[in-house]
Amino acid sequence: MIDTLYRRGDSFLHYYDCRLKLFLLPLLLVFFFMPAPWFLSAGFLLFLFFLTLTALGFVDLLLPLKMIYPLLIFILILTPFFYPTGLPLLKIGSFVFLTDKGLLESFLYISRFTGITIIFFMLFRTTPMEDILLGLSWYRLPYTLTLVISVALRYIPHLAGLYGQITSAHALRCSVNDTPPRKGLFARLRKIFPILVSLMIQGVKTIPVLTMALELKGIGRDNGRTRLRNIPAPEKRGWQIFLTILLLVFLIIFLIVFS
Amino acid sequence: MVENTPGSFPLLKIEDYHFTFPSYPGLKGRTLFKGLDLQLSRGEFLIILGKPESGKTTLGRCLCAVYPGLTQATVQGRILIDGEDISKRSACDWIDRVSLIFQDPDEQIVTSRTDDEAAFALESLGVEPHVITERMNQSFIDFGVSWNKERNPLSLSGGEKKRLLLSCMKMQDTDLWILDEPMDELDQQGQEFLLKTLSHMASCEQKGVLLFASKYHKSFASSSAEIAILHEGGLQQYQGDSESLQILFDQGLVPGESSSPESSGKKGQSIIHISGLKYQYPDNSEFSLEIDEFSLNAGETAVLAGPNGCGKSTLARLLCGLIPPQEGTILLEGEPAGKERLNRSCGYLFQNPDYQLFLPTVSDELELGLKHSGLTRKERLALVDEALELFQLPGRNAPPSLMSFGVRKRLQGAIYYLLEKRLYILDEADSGLSYRDYETIIRQLKKKDCALIIITHNQEISSIEGDHLYQMAGGRILEQRDLHREYTL
Amino acid sequence: MQNETRHSKQKLAFRIASIAILTAITTVFTMIVRIPVMPTRGYINFGDVAIFFTALTFGPFTALAAGGLGTALADILGGYAQWAPITFFAHGVQGLLIGLVFKMIKKESRFQFVLCLLFSFAVGTFVMAGTYFVTGGLMYGFGAAVTEIPGNIIQNVAGVVIGTPLYIAVRKAYPPVDGFYW
């Protein structure tokens, strides 16, 4: 029922060291907010499209776009209203609907938002959650925080299943001779409320048990922890670092040249 | 602080231990131990038998210092490990000396990878990675953990989870091993292997081993372990004499002569009849349920038995209308029935009673089902009082979420007793429940003119009061037996 | 003194456990517990219900961590990963503020309780809807960002309207939960 975005694969993005991905991610985000002409972010977006298409395939390119397209339409419709000055392109009576400036702004926003979406999608599509956590702790994210996230991920499917069970259990608390239930939003809320209470009590009751499990695994000891598993070291790490730097250099050069 | 040399003190010593859970309005706190004494030296293997809720789990937790902890329980007396009072250190600082396996593996597993789970405690102890790997490989071989190390432990079967936790314990290599109901979910071979390993650990590696169990297994007799019985807050040695055995019988640890269920003789009207039923889960193509024919009349009790994943619960869900069958028909009292009617006519007592409980008091819970019944308030209260008495519930104002498992289970029974249903399905009603509680629920529900289905994976079917036994495997009913005929044989 | 450190070690395990469980609960409430509503675009999710509950029952700091992480994880698992950092901030601070308002203000009468509730609701909504508006505006223009505001406010109304009775009901049905506040 609940699944992470990650899919196994053997593209070069999958083998890319996740520490480098985590290093690149904020820099690429910043790049999209740099004052640059529209064709630069549009060009970079095309590059990202190309990357996704070659490494992950057509389906994986469509998937993130399918999730954001309503918002993209909104952007295209609503943004031009904020830029009435400029060369009018579409005009009904005295009211200017579209100017060249408005159109450019729309393109800028669309490529920015789509670009950010695709970057995040690529990261989570090609990197398993545990590797991201390992990578983050390599960047000195405190152990307790990574532990919280990984324990939460372990409990999400459990609680989701519990929700299903509790819903079934409550559905059967009726009798042969009962009057039929009412319908409508309010009735639906009243029906879901007992389920939420049961689920919450069940969830809250696991806290003391989990506390015990963690104590018995040695959470709270003063000595330093060791770590059995580390991020798998890719064979071509030198190449990957080189590629990362190359990408950044290109982007910086473009930024300087065009702005 | 005095440096304790191991050996000069017994490994574990419990002196005059008392333990009482806190009281809440409407519910008096349970006292579990009254002056419990125990001594265990290195090299000893002790099996402690006790009926469900006699305090085995609590004792195990007290011995690793996680209890009293958050429970706010009142404690008297001392627990000493190598002469050091256990309350002097916090639980995480005892993990190099004491280790515990929970009864429910799901409560103990905190990671989503087999190797992470196995390494966790050792990482906390600061053991070097290559040492962890070495120990892990060895104990994985010992306990037959042969699946992919990246696999999510929660996707394992019950027996596999137990084996994983056992190998975690072996890796931790503590002096005192405590195992809470480790025999559950292991097959015959696994149980014998476990007892042999534990005997070996005690005699050759000088560990102290404590094993808690609520059922007497025949293989206990052939192992080197001593047996004690936890009864009314204290421990008694069991020497195999008849007096001790009598206590065992009283508690339902050994299935005794169960009073043969009153054979109704006359056949009631047909409650449920299914034919040509097929169901397959959308996300699991390996499993399919196919039932050619199954029928049950009023006053009859059917027992569905079989290993986990054989389709017992799926069949139950179909009968309650929680999932729709892809093929075949379900006749309820001779008429084809859809989701709505099945929902209303069939009651499913989930193994975990808490799924249905959410209100602050027992009487609130009992009254809820009667809300749409069209009865007057006076009639409803009379019904609630009747149910309180029949199911021996502690009182109107007791908070359900704080009652013990057995009482919550009886409350669940009482809720369904008040709901007029034609068919009751009890899921794993016999596990974790004392025989007396189980009997109460079954007997009361049987009073209604309805049909009963009991789902179990218990091998000793004779301890269950049923009329027909259906053995299931791989989504099929393999064989059907009449249980009455066996009693007379 | 010894007793004190023993206690603090257990507290650490307890805090990790409670934040982890409530994070998971928040994620499940956000992703799975949904009610279809006609006027808005689709669903109201119950993420804010969980945040309200956490802030009232467990206090501001658990709400900060569990509210932020839970909703962010729901974004990541649901395929809206680009929102995760913003969501973490918006819902985390929302939970923190609701919890803080509730901790600071005395609630002796029922009237004060309701007032306090309204105030915390207003503060929480302001921060949450405001964060989404500003960051949305930067990402794709304020024109499109305005359209998100009504949905976010409805979310929060659902949060306070369902979260508060949930808090009361759970406290009544499971009294030990009072000891979990910090």
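Helices (H or I, at least four residues) and strands (E, at least two) are DSSP runs, numbered from the N terminus. This is a predicted model: local features need pLDDT of at least 70, side-chain atom pairs count only at pLDDT 80 or more, and totals for chains, interfaces and linings use all residues. Residues are numbered from 1 along each chain as its sequence is written, while chains are lettered from A and ligands numbered from 1 in the order in which they are written.

**View 1. Chain B in outline.** Chain B holds 15 helices and 20 strands. Its 489 residues include 47% that count as buried. A residue is buried if 20 or more other C-beta atoms lie within 10 Å of its own, exposed if 12 or fewer, and partly exposed in between; these C-beta atoms are placed from the backbone. Two residues are in contact if their C-beta atoms, placed from the backbone, lie within 7 Å. Take the contacts in chain B between residues at least 6 apart in sequence: 75% of them join residues at least 24 apart.

**View 2. The two domains of chain B.** Domain 1 covers 12-251 of chain B, and domain 2 covers 269-482. These bounds come from an automatic or database domain assignment. Taken over C-alpha atoms, the centres of the two domains of chain B are 33 Å apart. Domain 1 of chain B brings 10 residues to the contact, and domain 2 of chain B brings 15. On the domain 1 side, the residues are four nonpolar, three polar and three charged. Here Ala, Val, Leu, Ile, Met, Phe, Trp, Tyr, Cys and Pro count as nonpolar, Asp, Glu, Lys and Arg as charged, and the others, Gly among them, as polar.

**View 3. A six-stranded sheet in chain B.** The sheet is open, its pairing is mixed, and its strand order is 6-7-8-3-9-10. Two strands pair if DSSP finds at least two bridges between them. Strand 6 (98-101) and strand 10 (234-238) of chain B are the edges, each pairing on one side only. On average, neighbouring strands of this sheet are turned by 20° against each other, direction ignored. Strand 3 (45-49) and strand 9 (226-231) of chain B run parallel, joined by four bridges. One residue pair to locate is B:Ile48 with its bridge partner B:Ala228 in strand 9. Helix 1 (56-63) of chain B packs on the sheet and touches strands 3, 6, 7 (176-180), 8 (208-213) and 9. The direction of helix 1 of chain B makes about 155° with that of strand 7. Such axes are lines fitted to C-alpha atoms, for helices over the stretch in contact, and angles run from 0 to 180 degrees between N-to-C directions.

**View 4. Around B:Leu445.** B:Leu445 lies in helix 14 (435-447) of chain B. It counts as buried because it has 21 C-beta neighbours inside 10 Å. Leaving aside residues up to four places away in sequence, B:Leu445 touches B:Gly413, B:Tyr417, B:Tyr424 and B:Leu452. B:Thr301 is 144 residues from B:Leu445 in sequence, yet 11 Å away in space, C-alpha to C-alpha.

**View 5. A hairpin in chain A.** Strand 1 (88-92) and strand 2 (95-99) of chain A run antiparallel, with four bridges between them. A:Pro88 has A:Thr99 as its bridge partner. Two residues separate the strands of this hairpin, and A:Gly93 in the turn has a positive phi of about 65°.

**View 6. Where chain C meets chain A.** Chain C places 44 residues in contact with 49 residues of chain A. Helix 1 of chain C gives the most to its side, with 17 residues. By class, that side of chain C has 34 nonpolar, nine polar and one charged residues.
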